[in-house]
Amino acid sequence: MPTSEQRRRKPSQAEPTPKSAIHPSDSAKEIPFPVAGIGASAGGLEALEQFLGHVPEKCGVAFVVVQHLDPTHKGIMTELLQRITPMEVFQAKDRMKVRPDCVYVIPPNKDMSILHGALHLFEPAAPRGLRLPIDFFFRSLAEDCQERSIGVILSGMGSDGTMGLRAIKEKAGVVLVQEPASARFDSMPRSAIDAGLADLVAPAEQLPEKMMAYLRHAPSIARAESPLDEKDRSALDKVVIVLREHTGNDFSLYKKATISRRIERRMGIHQIDRMDTYVRYLRENPHEVGLLFKELLIGVTSFFRDPEVWEELRNVILPEFLAPFPAGQTLRAWVPGCSTGEEAYSLAIILREALETAKPKGGPSVQIFATDLDPDAIDRARQGLFPANIAADVTPERLSRFFVQVENGYRVGKKIRDLVTFATQNLIMDPPFTKLDILSCRNLLIYLSPELQKKLLPLFHFSLNPSGLLVLGSSESVGGHTRLFSAQSGKSRIFRRRESAAGEVAVAFPTPFSASPGQTRGAAPNAPPALESLQVQADRLLLQHYSPSAVLANDLGDILYISGRTGKYLEPAAGKANWNLFAMAREGLRHELLGAFQKAVREKGEVTVRGVEIRGDGAVQTVDLTIKALTEPEALRGLVMIVFRDVATPKGKSAGRVRTAAASGEAADMKEELRRAQEEVRALREEMQTSQEESRAVNEELQSANEELQSTNEELTTSREEMQSMNEELQTVNAEQLARLNELAWATSDMNNLLNSTEIATVFLDKGLRVRRFTTGSEKIFKLIPADVGRSLTDIASTLLYPELSDDAREVLRTLIFCEKQIATHDGSWFKVRIMPYRTQEDVIDGVVMTFTDITGAKALEGKLRQEEKTFREFFKTMPFPAALHEIVADAAPGDYRFLVVNPAFERLVGLQARQLIGKSVREALPAIDTARIEAYGRVARSGEAEFLDEDSPEKDLRYRFTIYRPAPGRLACLIVDVTGCRPGLG
């Protein structure tokens, strides 16, 4: 069955390809089978044989082998692998299509990528030794195969492949790593495991079985076109509940497809078919909860991700943005969802480079807050230690300027590290940072639901200063919030904050989220109903009970919502815009409407007024009014509904009775009385109108005072929120400082234990030769106490007979060449004094380090040996027969052994004085020496066993016996005895 990714992507036509470079019947359709990229280096051949030798036949997987090969030799990897696997093994060619049950091997001196199922070869861009071919291929594999990508890391040195595995994990692929203990070289497997990227870890021969077990339970639930059924939705909700109980984080606001896809990966790894079974497994295994939590965080990041965005930010946006910042001001930035810190450090580097260009004489200081939900990722970010393969994303110039190379990679330099403060934060629930100039939230919103995105963007608007920058990921946008942000660069997703009208954007702390129907999420207490909610519920009520024109107002008559055409009953009043119902009522309607409205509000019920005549536009309209104070639904409680129903207007009135011409006096009196009553009513009405005007004036004053109080309350609320944000920032800085203090305490303890265990007295001096620190034992050489820190060493008494100590220290500071001398003390002790430059982590010379090694015992032994040697020499010279002592020269021929001592008898024998022999080699001093004696010298020097050699002297008719032995290591002695009298036939 095709996956959702297969249904989603459109097929493309392949370009014409040489027949030798493509398999028959292949096309440019997307790959319907998994592709496994295998990365290996040193010791990789053995691991590859173990892996491929255990791959079952007809497994349905294509394998691509990327190994570090010698670029100058022809590769024979294809032939070697073909011997141990029944699958076809090919050396990859340009545009060769991959097929299942086949193995493809990268050629020497090539980089390889995959696009639409075809392999593409490139000439290496990086010099030899800096290439990362495994990372290069894995990244393309993740983009091309998505969740069908498989990354396999086997034996090898370095960390190549780790960055590529991050891309595979981001696309929901699976990662298999050889167990480090079974690898000949464990650097590459251990780098992948330490980065938290390994899904399955096992010896190489067991990885194929685990891979096939995973593929048999491959993800099959999360499909964009097919929503989850009721049972799976219930199980998914339970997974979210378990995560919330164990981690305190609510993932219900994440996209359901993303959560389902990640859960399915874990189900495939554990070979679980049903989601409800996985829920039970999750509850029974708390460790799996932590792994799923890490899986959902999707901590995939790299330095300068999307390089064109960073280049535009540095070269186009920031120069103009930084221009108004004066020196001494602080530029504040926030990077939420920073993962292991690459994004935050990238921003710090870009800001520093931009400031050096835009403000060469001094610009604002930079403070970057970087937060993430994962505490482990924050700990790694604080360390600032990254593998060597970041060289693929960071230019050599930036590596040399902003990083320090260490044993296992690179460490962020102190100047960049000090710009960034890391802290754990839940973006959804915790207060945000405020008064920001830059907010970089790249590739985080795409994992959140649209409802939550709509809440976060106003929050970002609140956090930014006027004209602040918002940087989003390449797949993200501000959506419908164009009134809040204007695009600086649409392609790079860089936006500038716009000013909005007061109250236009609602921001609450923590971030509000309107639950969908059926969810049990309470709204904020006493919060006014949103306009959209009023509209929906008012329309529903009108459709159920009324059909004519109507308006919805609050208890003061301010109109909130209008339904239908109300122009016959209401019209805007002249002057300043006023949406009050009574101000807009037409002639003839106002008095009746006011009385009925007040009665309905007072009695909390419904009031009907019939036959109200409204005059306007030269016509009379008769209307029935229905006014009802609403008590339900809850969202409309306290509001008033006014309904207008048109009724027919009578065509005429009944004829009056004809009055008689002769009116009686009684009628005249009644008319007079009526006139007086009318005058009294008119006066009362005028008084009432005056009273109403006065009341209205008082009411307006009260409203003004109320508005001022509301403004004051809003200011206090804003101040409280700012204080809350400042408190959060202080807590963040405090946590950062505590972490640094803990690291410093451990480092100090380690250094103290190390220095004390060596029993070598050490004194640290600054450039002015003032004491900065000293270790145990130093007080025996210098009269040091803790209060002496900061004093010049020349002012402190010493037992050393070393008056030129300070001069030598200054010379070391000047030349940066260490100095080493053996110095005696007043009490007869001896110390080896070594003076070296003190280098900081940034390779800056900041003083000297003096070490004092006690060599008193060695000196005593040396004196004893010298005395013994002197005694031996004297004894040697007084021997009655010729004798010579030679020095054995290492790696030299026996004829090159030098004379050290000869006695007078030897001088007489050879006819040469001692000064003509001492220091010269045997062959140089005695060219005629017998070869047999030279060879005997060599045998004795090697074996240490003495030899005796007889030689005749024809000139003197004498016979000599040479005794050659090794009296001490590195020494060779030759004694010559006249044995002429012992010759056969004589005497």
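Modeller: A definition comes before that: two strands pair if DSSP finds at least two bridges between them. Please note also that this is a predicted model.

Biologist: Which residue stands opposite serine 113?

Modeller: Histidine 120, in strand S7, stands opposite serine 113.

Biologist: And how many bridges join S6 to S7?

Modeller: Strand S7, residues 118-122, is joined to S6 by five bridges, and the two run antiparallel.

Biologist: What is the order of the strands in that sheet?

Modeller: The order is S4-S7-S6, in an open sheet of three strands with antiparallel pairing. Its edge strands are S4 (96-97) and S6 (111-115), each of which pairs on one side only.

Biologist: Which helix packs on the sheet?

Modeller: Helix H4, residues 133-145, packs there and touches both S6 and S7. The direction of H4 makes about 0° with that of S6.

Biologist: A change of topic: where is glycine 341 found?

Modeller: Glycine 341 lies in the loop between strand S11 (330-336) and helix H13 (342-358).

Biologist: Is glycine 341 buried or exposed?

Modeller: Glycine 341 counts as buried because its relative accessibility is 0%, and buried means under 20%.

Biologist: What does it touch, leaving out residues up to four places away in sequence?

Modeller: On that basis, glycine 341 touches Ala381 and Phe422.

Biologist: Lastly, which residues make the nonpolar surface patch?

Modeller: Leu738, Leu741 and Leu744 make a nonpolar patch of about 290 Å². Of these, leucine 741 is placed in helix H21, residues 665-758.

How values were computed:
Residues numbered from 1 in each chain as written. Predicted model: local features only at pLDDT ≥ 70, side-chain atom pairs only at ≥ 80, totals over all residues. Heavy atoms only, no water. Helix = DSSP H or I, 4+ residues; strand = E, 2+ residues; numbered from the N terminus. Buried < 20%, exposed > 50% of the residue type's maximum accessible area, 1.4 Å probe, protein only. Contact = heavy atoms within 4.5 Å. Axes fitted to C-alpha atoms, helices over the stretch in contact; angles between N-to-C directions. Patch = residues over 30% accessible without salt bridge, like charges linked within 9 Å, V, L, I, M, F, W, Y side chains within 5 Å. Areas by Shrake-Rupley, 256 points an atom, 1.4 Å probe, with all protein chains shown as cover. Salt bridge = Lys/Arg side-chain N within 4 Å of Asp/Glu carboxyl O.
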